[in-house]
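User: Hi! Could you walk me through a structure I just opened? I'd like to start with some helix packing.

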Amino acid sequence: MTSPSAQTHLAIVTGVTSGIGLAMAKHLHQAGFSIYGVARNAQKLADCEVPLVGSQCCDLSELTALQACLRDLDLSTYQYAVLINNAGSLDPIGRFESVEPARVAQTMVLNGLAPLVVSGNFYRTLLATKGCVGRVVQLTSGAAHRPIAGWMSYCASKAAMWRGTEVIASEMDASRCQIMALSPGVVATAMQAQIRAQSHEAMPDVDWFRELAAQDKLASPDKPARYLVEMLLADLDGTRQFPHGESIDLFDA
Ligand SMILES: NC(=O)c1ccc[n+]([C@@H]2O[C@H](COP(=O)([O-])OP(=O)(O)OC[C@H]3O[C@@H](n4cnc5c(N)ncnc54)[C@H](OP(=O)(O)O)[C@@H]3O)[C@@H](O)[C@H]2O)c1
């Protein structure tokens with residue numbers, strides 16, 4: 001396959017308006033991809049720092065909204081389309097007996113269900129589009145694989161997303177589309193600021209995160225963004241296979 005061109009290579013990024021999603025969109029755009037953005041805030045989407053060829057305003061914590069996400073996507077002019085399921089939230093942080101069930105449900109939908117449903121919407125469109133191959137990258141976390149006190153909603157939703165992703169990988173026609181999960185490490189975004197602001201009662205391990213920040217050990221959002229682009233370029237020029245069905249953690253990378 002060829003190197004990316006805006007006419008033939010599309011990247012769709014959810015949560016494109018801030019944090020890791022925005023950094024990924026910037027790097028993908030610089031590498032030659034056209035960018036299609038999904039975000040919950042219409043004004044932030046209109047003001048997005050990256051030029052968008054298309055966009056959809058969608059609150060991915062709402063079941064009805066997320067079912068419509070990417071339903072009308074037109075891939076007919078593209079040879080290669082990558083979906084980055086990045087949008088996510090840590091809310092609500094706190095002990096299991098104190099968190100509001102309605103907020104837990106929103107996060108289960110946003111982190112756990114949305115990346116699976118949106119992948120399905122993308123895959124159906126891709127299969128109906130001749131000559132376009134697809135890739136899906138799910139933003140996951142070490143919290144999908146180990147418990148962190150105070151993060152019941154986050155750990156449970158990311159774990160559900162990862163198990164669903166393994167199932168999707170086993171069902172996908174890998175000649176048309178492939179899927180992997182990327183854990184970006186501890187990255188300096190609003191999410192980390194939210195973590196450091198927690199009380200010890202809500203999150204007993206909060207000092208570990210404060211210490212990392214104090215020692216300037218948080219990664220820049222550019223780090224996972226660079227990794228993503230290198231992975232896709234290697235896939236495109238055939239030097240390294242896309243890690244279909246794998247979960248890659250950048251924490252120690
Ligand atoms: N930062 C880390 O250390 C870290 C570590 C492991 C995994 N991750 C994962 O990486 C991804 C990005 O995290 P981040 O650090 O960039 O977080 P962030 O700065 O809080 O950004 C989260 C993104 O998700 C969007 N979003 C939140 N709720 C949404 C909703 N209901 N519908 C649609 N979009 C919604 C936000 O939109 P707005 O712009 O409107 O707020 C924002 O663009 C997440 O999946 C997160 O779990 C992050």
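User: Which residues of α1 and α8 meet?

Analyst: This is a predicted model. In it, I20, A23, M24, H27 and L28 of α1 meet D222, P224, A225, R226, L228, V229 and L232 of α8. By type, the residues of this contact are 9 nonpolar, 1 polar and 2 charged.

User: Nice. What angle do α1 and α8 pack at?

Analyst: About 40°, and the axes of α1 (residues 19-30) and α8 (residues 222-237) are 8 Å apart. The two helices are therefore oblique to each other. The crossing of α1 past α8 is right-handed.

User: Switching topic: how many aromatic pairs are there?

Analyst: The structure has 5 aromatic pairs. One of them is F33 with Y80, a tilted pair with 6.3 Å centre to centre and 55° between the planes.

User: And which parts does the F33 and Y80 pair tie together?

Analyst: F33 is in the loop between α1 and β2 (34-39), while Y80 is in strand β4 (residues 80-85), so the pair links parts 47 residues apart in sequence.

User: Are those two buried or exposed?

Analyst: F33 is buried, at 1% relative accessible area, and Y80 is buried too, at 0%.

User: Why does the W208 and F209 pair count as edge-to-face?

Analyst: Because the ring planes of W208 and F209 are at 85°, and over 60 degrees counts as edge-to-face. Their ring centres are 4.9 Å apart.

User: How accessible are W208 and F209?

Analyst: W208 is partly exposed, with 42% relative accessibility, whereas F209 is buried at 7%.

Key
Residues are numbered from 1 along each chain as its sequence is written. This is a predicted model: local features need pLDDT of at least 70, side-chain atom pairs count only at pLDDT 80 or more; totals for chains, interfaces and linings use all residues. Side-chain values use heavy atoms; hydrogens and water are left out. Axes are lines fitted to C-alpha atoms, for helices over the stretch in contact, and angles run from 0 to 180 degrees between N-to-C directions. Helices (H or I, at least four residues) and strands (E, at least two) are DSSP runs, numbered from the N terminus. Angles under 35 degrees count as roughly parallel, over 145 as roughly antiparallel, 65 to 115 as roughly perpendicular and the rest as oblique. A crossing is left-handed if the near helix is turned anticlockwise from the far one by less than a right angle, and right-handed if clockwise. Contact means heavy atoms within 4.5 Å. Ala, Val, Leu, Ile, Met, Phe, Trp, Tyr, Cys and Pro count as nonpolar, Asp, Glu, Lys and Arg as charged, and the others, Gly among them, as polar. Rings of Phe, Tyr and Trp (its six-membered ring) pair if their centres lie within 6.5 Å; planes under 30 degrees apart count as stacked, over 60 as edge-to-face and the rest as tilted. Buried means under 20% relative accessible area, exposed over 50%, partly exposed in between (1.4 Å probe, protein chains only).
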